[in-house]
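Please consult the sequence and the structure shown below while reading.

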Amino acid sequence: MSQIADSIQIRNTTFKNRIIKGAMSEALANHDGQPNDLHIGLYEAWAKGGLGCAITGNVMVSIAAKNEPGVVVIETERDLAKLQQWAAVGKKYGMVQLIQLSHPGRQCPKGLNKETVAPSAVPFSPMLATMFGTPRELKHEEILDIIQRFATAAAICEKAGFEGVQLHGAHGYLISQFLSPLTNKRTDQWGGSIENRSRFLLEIYKAVRAATSENFIISVKLNSADFQRGGISEEDVIYVFKAMDAVGIDIIEVSGGTYEAPAMAGVKAEKRKASTVAREAYFLDFAEKIRQEVNCHLMVTGGFRTAAGMNAALDSGACDFIGIARPFAVEPDLGNRLVAGQDVRYAVEKIKTGIPMIDKMAIMEIIWYAAQFKEIAKGNRPNPKLSPLKVFLNYVKGNVKAVIKGQINSRKSA
């Protein structure tokens with residue numbers, strides 16, 4: 001009978017409560033992907049607010065593969081001192097921190113990087129093809145290089161003092177692209193059967209485990225479904241969960257969706273069963289099913305809004321951790337309030353600019369919250385009434401600047 005305020009230990013790390021801030025893009029780094037005092041200020045605010053654990057936004061393992069401007073990149077120990085300061089903030093307030101390591105694969109806006117790569121050269125749907133180009137298929141040796149990049153980044157994170165990492169295997173990023181038959185059309189050892197399609201993830205896990213100590217926590221975020229016709233089947237999903245459990249993964253976060261079908265942002269909420277809506281969490285039904293198949297700790301993120309709903313999910317045994325993301329953008333002290341039995345103050349609605357083409361995508365569910373993070377990082381109060389259209393226009397302006405700078409740098413290095 002677990003409750004929000006209960007502590008739990010994984011390896012030699014104690015989580016003081018069961019609340020984990022799910023990964024959200026901070027967009028606070030410079031063009032070179034360096035963390036700074038804004039990251040420290042943001043995570044200190046959440047740590048002071050009583051959060052048990054924070055998973056960072058996407059941290060890229062390659063400067064050549066950024067999913068957006070402002071993302072942190074860890075390739076070397078270049079920024080070790082700043083990373084150590086970041087890790088120290090969590091330790092000061094008893095908040096565990098996991099760095100989310102990721103490679104975006106095909107999910108990179110046109111012009112941001114020199115090129116995009118993926119398991120196969122599969123184009124985006126017509127609606128997104130104007131923003132995302134068709135990727136180049138990865139070569140075998142490039143796949144091996146990316147695997148090693150995850151291991152190198154994880155070792156640096158441990159040296160900096162972070163308690164662990166999360167491998168981003170969901171939401172249509174590179175690991176997820178390998179897992180899905182919709183984006184993986186390969187016929188070599190990296191494609192075809194689910195055993196081959198899951199090889200990339202398993203090899204990353206093995207490399208990360210070999211590069212870090214016994215007490216370093218390794219988590220993975222996995223889709224319960226792609227929510228796309230031709231995507232990964234439930235049978236294959238269960239295989240992946242069981243395979244990760246078998247090799248010793250510490251935590252699996254249950255999520256779902258991609259840029260093309262953003263279920264993780266609640267866009268598909270109107271299609272959920274009434275019983276699922278009543279229980280708040282988007283992916284709790286699947287968690288209950290997979291709980292019968294695996295022994296590792298499970299985390300469910302998306303949709304939780306009341307302390308009663310969170311406690312009910314924990315009591316059911318379906319999950320060990322409650323993942324909450326967007327509410328922390330407008331309620332930095334939410335950790336303390338949930339432990340005290342209070343509910344989320346602000347009902348998070350779909351962020352709309354009024355431009356249909358933009359509002360159909362998940363992009364606003366990322367950048368509007370990133371704008372709030374910047375204010376919190378500066379020591380200001382977040383603004384729940386911030387104009388989505390203004391945020392989008394600023395985002396476009398920032399993207400244009402990043403593309404121009406990237407092109408200039410490419411010409412200099414040519």
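Strands (E, at least two residues) and helices (H or I, at least four) are DSSP runs numbered from the N terminus.

Strand β12 (residues 251-255) pairs with β13 in the parallel sense over four bridges; two strands pair if DSSP finds at least two bridges between them. Within this pairing, Val254 has Val300 of β13 as its bridge partner. Strand β14 (residues 321-324) also runs parallel to β13, joined by three bridges. Here Thr301 is partnered with Gly323 of β14, and Val300 stands opposite Ile322.

## Strand β14 and the crossover

Phe321 and Gly323 point one way from β14, Ile322 and Ile324 point the other way, and all are buried. Strand β3 (residues 19-21) runs parallel to β14 and is joined to it by three bridges, with Ile322 as the bridge partner of Ile19.

Together with helix α11 (residues 307-316), β13 and β14 make a right-handed β-α-β unit. Right-handed means that, with the strands pointing away from the viewer, the path from the first strand over the helix to the second runs clockwise.

## Packing of α1 and α14

Two packed helices are described by the angle and the distance between their axes. Helix α1 (residues 37-48) and helix α14 (residues 364-377) have axes that come within 8 Å and cross at roughly 90°. That makes α1 roughly perpendicular to α14, a term for angles of 65 to 115 degrees (under 35 is roughly parallel, over 145 roughly antiparallel, the rest oblique).

Leu38, Gly41, Leu42, Ala45 and Trp46 of α1 make the contact with Phe373, Ile376 and Ala377 of α14; contact means heavy atoms within 4.5 Å. By class, seven of these residues are nonpolar, one is polar and none is charged, with Gly counted as polar.

## Ile290 in α10

Ile290 lies in helix α10 (residues 284-291) and counts as buried because its relative accessibility is 0%. Leaving aside neighbours within four places in sequence, Ile290 is in contact with Ile238, Phe241 and Leu298. The C-alpha atoms of Ile290 and Val237 are 9.5 Å apart, although 53 residues separate them along the chain.

## Basis of the values

Residues are numbered from 1 along each chain as its sequence is written, and side-chain values use heavy atoms, with hydrogens and water left out. Because the model is predicted, local features need pLDDT of at least 70 and side-chain atom pairs count only at pLDDT 80 or more, whereas totals for chains, interfaces and linings use all residues.

Notes:
Axes are lines fitted to C-alpha atoms, for helices over the stretch in contact, and angles run from 0 to 180 degrees between N-to-C directions. Buried means under 20% relative accessible area, exposed over 50%, partly exposed in between (1.4 Å probe, protein chains only).
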